[in-house]
Amino acid sequence: METVFTRAERLRSGGGRTLQHWAGRLAAKYAVLQLLDVPADAPALGAVEVLPEVTSLCARNAACLHGHPPGVRLGAELAGRAGDDTRVRVSVSHNADLAVAVALASARLPEDHDLEAVSAWT
């Protein structure tokens, strides 16, 4: 757990979350690593952080539970693979038996930089 999930992920998901929630987050990490063509070992999985996307509504509250889409933060080495002007996004779905995720890379938009400035993840 401590190698694969960041401290922020463990704090956010530790209390009362289901196994399906954890499986969805893990599926998102695998999808990001596949996108970046990086082998999925424990340290690489831990270099991908998946937390709710910061929005202007909840920019100051990392514990917001309004169902925001997942956001991705990459460790320095993975961020270098993605490129400075690239944003990695994920979509996650899960039920009682299955967790799936897809990751895609896109150009950064001006609003991406605005949200990074007020990120509650720091």
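Predicted model: local features only at pLDDT ≥ 70, side-chain atom pairs only at ≥ 80, totals over all residues.
**Notebook: side-chain pairs**

I started with Lys-29 and Glu-9, whose side chains meet in a salt bridge, 3.0 Å from N to O. I noted that Lys-29 sits in helix H2 and Glu-9 in helix H1, so this pair ties together parts 20 residues apart in sequence.

Next I looked up Glu-49 and Arg-73, which form a salt bridge at 3.6 Å, N to O. Glu-49 belongs to strand S1 (residues 48–52) and Arg-73 to strand S2 (residues 70–74), so the bridge joins parts that are 24 residues apart in sequence. Buried or exposed? I have Glu-49 down as buried, at 10% relative accessible area, while Arg-73 is partly exposed, at 36%.

Then came Arg-87 with Glu-53: their closest N and O atoms are 2.3 Å apart in a salt bridge. Arg-87 is in strand S3 (residues 86–94) and Glu-53 in the loop between S1 and S2, so parts 34 residues apart in sequence get tied together. I checked burial here too: Arg-87 is buried, and so is Glu-53.

Last, the rings. I found one aromatic pair in the structure. Phe-5 and Trp-22 make up this edge-to-face pair, with 4.9 Å between centres and 80 degrees between planes. Phe-5 lies in the segment before helix H1 (7–13) and Trp-22 in helix H2 (residues 19–35), so I logged the pair as a link between distant parts of the chain, 17 residues apart. Phe-5 and Trp-22 are both buried.

Terms used
Residues numbered from 1 in each chain as written. Heavy atoms only, no water. Phe/Tyr/Trp six-rings, centres within 6.5 Å; stacked < 30°, edge-to-face > 60°. Helix = DSSP H or I, 4+ residues; strand = E, 2+ residues; numbered from the N terminus. Buried < 20%, exposed > 50% of the residue type's maximum accessible area, 1.4 Å probe, protein only. Salt bridge = Lys/Arg side-chain N within 4 Å of Asp/Glu carboxyl O.
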